[in-house]
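Student: Could you go through this protein chain with me? I have some quick questions.
Tutor: Gladly, let us look at the model together.

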Amino acid sequence: MNEDTRSSPKDDADVAALLRAAGPRPVPDPAARAAVQAAVEAQWRAAVAARRRRPRYTAWAAAAGIAVAAVAVWVARPALDSRHETVAFVARSVGDVELDRGDGRWTPLAAADSIASGARLRTSSGGRAALSLSNGLELRLDGRSLVALDDAKRATLTQGAVYVDSGNAPAGGTADFVLGTPAGSVRHLGTQYEARLLDGGLQVGIREGRVRVSVAAGDVIGDAGERLTVAGSRIERARLAPNAADWNWTSEVTPPFSIEGRSVEAFLVWAARETGRTIVYATPDAARQARTVTLSGSVEGLAPDAAVTAVLSTTSLRPEIGGEHIRVHAANR
């Protein structure tokens with residue numbers, strides 16, 4: 001049961017008597033009252049100002065955090081970009097060639113594909129590919145080959161064979177490319193060469209220039225016209241002509257040469273280098289015509305020998321291809 005809390009008349013009378021006995025309260029001194037009011041007002045203003053500063057500080061802190069994050073992303077960007085740097089473009093492909101962009105998925109290689117560092121390429125028995133590297137070199141893959149483009153300065157061959165041509169590389173930039181293999185590494189010194197993996201060894205043929213082969217036994221220099229075979233600590237040297245049949249596969253995937261607006265002579269220089277031959281002009285008149293006749297059209301898809309026959313058939317010059325030479329005759333007038 002609730003108790004009755006209402007006051008009785010007797011209680012009210014007692015309180016009134018107590019207040020009369022206490023008398024009136026003293027009035028505060030005006031100066032003391034003003035000091036108290038000023039202190040209270042100052043405390044109130046400080047509290048309001050603090051509340052107003054808090055959102056601005058929070059906004060500044062958020063902006064500062066975004067700026068720090070942006071700087072972190074900018075600093076990290078070169079490292080991220082270097083891991084995905086474009087290092088090559090597809091110049092030509094024949095047959096079945098597949099590309100793994102670094103995610104473990106093999107997809108068919110497309111014409112003019114760009115290839116980033118860390119990617120791998122593999123060819124079937126009838127597949128071949130030619131790549132234009134960002135440093136100016138050309139890299140061609142033979143059938144049944146597997147190569148990884150580690151970065152702009154290094155590739156790794158783990159199966160098959162590759163052909164390296166530094167002919168289009170800028171001066172001074174060719175010595176930075178290294179081809180690694182399980183049997184050793186190859187550094188070119190301005191050259192055309194083939195590196196082929198054999199059972200338990202490495203074979204390097206030098207068509208032009210020189211190479212340095214680094215193996216467990218030390219460094220070996222190979223010169224044009226040589227073939228080095230490395231098996232363990234044993235290194236063998238043999239002769240290899242620049243127009244030998246061993247090089248024929250490289251012509252099947254030669255990157256296209258643009259003849260439009262070029263002289264016959266410039267075209268023949270390209271064809272001779274692609275086939276390991278030298279140009280011989282039968283007469284001064286044949287040499288003059290080669291220098292002065294300008295070409296038009298395209299030889300895309302043709303092997304160098306076939307391209308020479310096709311192109312000169314449109315001029316008054318006649319080729320004779322065989323052995324070490326491309327002989328050029330002026331047609332009888």
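Student: Which helix is Thr275 found in?
Tutor: Thr275 belongs to helix H4, which covers residues 264-275; helices (H or I, at least four residues) and strands (E, at least two) are DSSP runs, numbered from the N terminus. Residues are numbered from 1 along each chain as its sequence is written. The model is predicted, so local features need pLDDT of at least 70 and side-chain atom pairs count only at pLDDT 80 or more, while totals for chains, interfaces and linings use all residues, and side-chain values use heavy atoms, with hydrogens and water left out.

Student: And is Thr275 buried or exposed?
Tutor: Thr275 counts as buried because its relative accessibility is 8%, where buried means under 20% relative accessible area, exposed over 50% and partly exposed in between, with a 1.4 Å probe and protein chains only.

Student: What does Thr275 touch?
Tutor: Leaving out residues up to four places away in sequence, Thr275 touches Arg207, Pro242, Asn243, Pro304, Asp305 and Ile326, a contact being heavy atoms within 4.5 Å.

Student: New topic: what order do the strands of the open sheet have?
Tutor: The 9 strands run E3-E2-E5-E8-E9-E11-E12-E15-E16, with mixed pairing; two strands pair if DSSP finds at least two bridges between them.

Student: Which strands stand at the edges?
Tutor: Strand E3 (106-108) and strand E16 (218-223) do, each with a single partner strand, so one side of each has no neighbour in the sheet.

Student: How do E8 and E9 pair?
Tutor: Strand E8 (residues 146-151) and strand E9 (residues 154-159) are antiparallel over 5 bridges, and Ala148 stands opposite Thr156 in E9.
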